[in-house]
Amino acid sequence: MRLLNRSLGRLSRHRRGPVAGLAVILMGLLLTGGLYAAFAPASAHQDDSAAQIKQGRELFLVGCSFCHGDNGQGVKTLDGNQLGPPLVGVGAAAVDFQVGTGRMPAVQPGPQIPQKEVSYTSDEIAALAAYVASLGPGPAIPNPSDYSLEGLTDEQRQQAIVRGGQIFLTNCAACHNFEGSGGAMPQGGYAPKIRGVPAKFIYEAMLTGPQAMDSFSNGNLSPEEKRDIIAYLQSIQDNPGYGGFGMGGIGPVSEGLFAWLVGIGSLVGVAIWIAAHTARSSKEKAEA
């Protein structure tokens, strides 16, 4: 028992010593600094996200709520038609595409929202996308690594073009035609021209399916397959049109029919006109 009391007494004296106090202070400083380093960046990031979402909501209430509702729930007209669809779950990628291409805010509702000049800055578009993404989970804005072709060798690029062409002709050419020049759709809609469109917007369109277009999630088309389609479209854009007037790329059969009807038909018409207006001799042949 005495031995135990002596040991406790020695420990008590060490605790009251100056070295022990300095050690306690150092441990407290290290613990405080570690906790700050662990939690302060996350808090700052959360504060930035909250501020961005708040800015996005303010922009949304001014420019989008009339058609989509104050909380993105959508708005219907008195006769039951959809004035603006609900935005819960569409994700940030849909906002980045629609607003980044100038389709939204729309001038007026209709079967097809045309592309126009962009109304918001890049920071405002990011804020709107953050607010809509906060309404419900949905596709995020893709990273440049998802759609960029940089870093591919010439052989890899050619392989991507071949694969992308096969995927595009199977899934996209029915509406956009085989070279991405667009085409008419039922009920007043149309498939827009996608030649020359930035790769990010092509990727987002496949991911979100704007308007009448089908959506191709990463489960339907992997990011690599989407990038292959982008490689195919860029190869078409880079190739010159050796045939001259391409007629929107509607295909060789239609172009050949146009050549027969218009080209050869015009030549026949010119030949008939020349024959009708050629000077004729009024002299009669002498009898033999």
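Author: A residue is called buried under 20% relative accessible area, exposed over 50%, and partly exposed in between (1.4 Å probe, protein chains only). Helices (H or I, at least four residues) and strands (E, at least two) are DSSP runs, numbered from the N terminus. The model is predicted, with local features requiring pLDDT of at least 70 and side-chain atom pairs pLDDT 80 or more, while totals for chains, interfaces and linings use all residues. Residues are numbered from 1 along each chain as its sequence is written, and side-chain values use heavy atoms, without hydrogens and water.

In helix H5, the buried residues include Ile 125, Leu 128 and Tyr 131.

The structure holds three salt bridges, each a side-chain nitrogen of Lys or Arg within 4 Å of a carboxyl oxygen of Asp or Glu. One of them joins Lys 200 to Asp 96, with 3.1 Å between the closest N and O atoms. Lys 200 belongs to helix H9 and Asp 96 to helix H4, so this pair ties together parts 104 residues apart in sequence. Lys 200 is partly exposed at 25% relative accessibility, whereas Asp 96, at 8%, is buried.

Arg 163 and Asp 228 form a salt bridge at 3.0 Å, N to O. This pair links helix H7 with helix H10, 65 residues apart. Arg 163 is partly exposed at 39%, and Asp 228 is buried at 5%.

Arg 195 and Glu 179 also meet in a salt bridge, at 3.5 Å, N to O. Both lie in loops, and the pair ties together parts 16 residues apart in sequence. Arg 195 is partly exposed at 22%; Glu 179 is buried at 16%.
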